[in-house]
Amino acid sequence: MSHITMTVSEVHALAKDTLMKFGADDENASAVADVITMAEQDGCHSHGLMRLAGYAATLKSGKVNGKARPTVTQLAPAVVQVNGHNCFAPMALKEGREHLIKAAKTCGVAIMPLIGIHHFAALWTEVEPVAEAGLAAFACTSYKPAVIPAGGTKALYGTNPIAFGWPRSGRPPMVFDQASSVMARGEVMLAAREGHELPKGVGVDSDGNPSTDPNEVLKGALLAFGGHKGSSIAMMVELLAGAMTGESFSFEAAARDNGDGGPPQGGEFMMAIDPSLVRGDDDWADHAEKFFDKIKEQDGTRLPGERRHRNRAASATQGVEVSQIVLDKVQAL
Ligand code: NDP
C-alpha cells in the first residue's frame, strides 16, 4: 500500500481546512485538527486523517455544531462540568482542562464530567496534557453499541476506551489508552480499508458467528478483551460516562443518532489526582521511577506510550507517512 510523506504542519492544515470547509469555525476546527495531528504524528493512524470523513459528515448533517462554545460549571469544589453544547469532544476538553487541573491541585482529586459532546478521538490526547501538569489522570468514554456483554449475543457496550496517565519528571508521562474491545473499531475500519484479515477472536458477523473479515465484523460486533473481565470494564465505562455524568449509555446514544457516520452525542468521565496532596510529600515521582525501572529490567518490556513518543520524535524530522487511500478519501471530500 502506498504512502505519502507530509509534514506535521501540512497534516494540521489539511485537517483544519477540511473542517472549516464543512462549517467549523477557527477555534473548533483547530481543536479537532490538533488531535488528528497528534494521532498522525504518534503513529495512531486509526484516529488521524482517517476520521476526517466522519467529522465532516457530522458537520454537514448538522448533528455537531462546529461553532459551539462549551460552558464550564463548577458543580462542587472538585467537580467541573463541561457542557459542549454539541461540539466535538476536543473543543470541550480544551475548554475544561485548566479548570480540572486547578480543582485537582486544590482538592487533591477532581472530576470533569463532559456532556453534550461527540467523541471520535484517541483518549491519550486528553490525559497526556493533564499528566504533563503533574497529575495522575483517568478518562473514559462510551460510544454506540459495538461490543457484546460476556455471555450475550448482541452488541450493547461501546468500544469504551479507558486511558490512564502518570506524571514523570523530565520525561513524557506514562500513558496507556485502550479500548475495552479486543480491538478498537478504528483499527477494524483501518483493516477493512486496507484489505487485511483480522486475527481470530476479535469479533463476530451479523449472525453472531466468529469472523476474521473486518467488513463482516463491522456489520456484526466485537468481543470484549479478556472475556468477562473486559466486559465488566466496558460496563463500568457505560456507568461512569453515562449514568454518572447525566449523558447517554451507548444504546441510548445510538437510538437518537442520525447515522451520518460521525460520532454520536455522548458523555465522558475524566478524573485528575494530585499525588503530592494524596501522599503528603513529593517522593511519589522517584518511587514510581523505581517501579518503572523494575518493569524495564525484563527484556521485551516497554512502557505504554513509548512507541508513540518514538514516532513523535521521528515525525518531527522525517514527517508523517499518510496512507494514499486515506488521503484520496480526504481530497474527495
Ligand atoms: P492498543 O491495543 O493499540 O494499545 C493499547 C495500549 O497498550 C497503548 O497505550 C499502547 O501503547 C500499549 N501497548 C501496546 N503494546 C504494548 C506493549 N508491548 N507493552 C506495553 N504497552 C503496550 O489500543 P486500542 O486498539 O485498544 O485503542 C486504540 C485507540 O482507539 C485508543 O487511543 C482509544 O482511545 C481509541 N478509541 C476511541 C474510542 C472513542 O469512542 N473515542 C473508542 C475506542 C477506542 P503505545 O501507544 O505506546 O503502543
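The model is predicted, so local features are reported at a pLDDT of at least 70 and side-chain atom pairs at pLDDT 80 or more, while totals for chains, interfaces and linings use all residues. Residues are numbered from 1 along each chain as its sequence is written, and side-chain values use heavy atoms, with hydrogens and water left out.

Helices (H or I, at least four residues) and strands (E, at least two) are DSSP runs, numbered from the N terminus. Of the 10 residues of S4, 8 are buried, so the strand is largely enclosed by the rest of the structure. Here, buried means under 20% relative accessible area and exposed means over 50%, with partly exposed in between (1.4 Å probe, protein chains only).

S4 has partners to pair with; two strands pair if DSSP finds at least two bridges between them. Strand S3 (residues 79-88) runs parallel to S4 and is joined to it by 5 bridges. Between S3 and S4 the chain passes through helix H4 (residues 89-107), making a right-handed β-α-β crossover. Right-handed says that, with the strands pointing away from the viewer, the path from the first strand over the helix to the second runs clockwise. Strand S12 (residues 265-273) pairs with S4 in the antiparallel sense, over 8 bridges. Within this pairing, Ile117 has Gly266 of S12 as its bridge partner.

Beyond residues up to four places away in sequence, Ile115 touches Gln81, Val82, Asn83, Gly84, Thr245, Glu247 and Gly266, where contact means heavy atoms within 4.5 Å. The C-alpha atoms of Ile115 and Gly242 are 9.1 Å apart, although 127 residues separate the two along the chain.

Gly242 is one of the buried residues of helix H8, and Ala234 and Leu240 are among the others. H8 (residues 228-243) has 16 residues and should span 22 Å at 1.5 Å a residue, which agrees with the 21 Å between its end C-alpha atoms. The expected span is 1.5 Å times one less than the number of residues. The buried residues of H8 pack against strands S5 (136-141), S7 (162-166) and S12, and against helix H9 (250-256).

Finally, Val182 sits in the loop between strand S8 (174-178) and helix H6 (185-194). Val182 is partly exposed, at 40% relative accessible area. Leaving aside neighbours within four places in sequence, its contacts include Gly201, Leu223 and Phe225.
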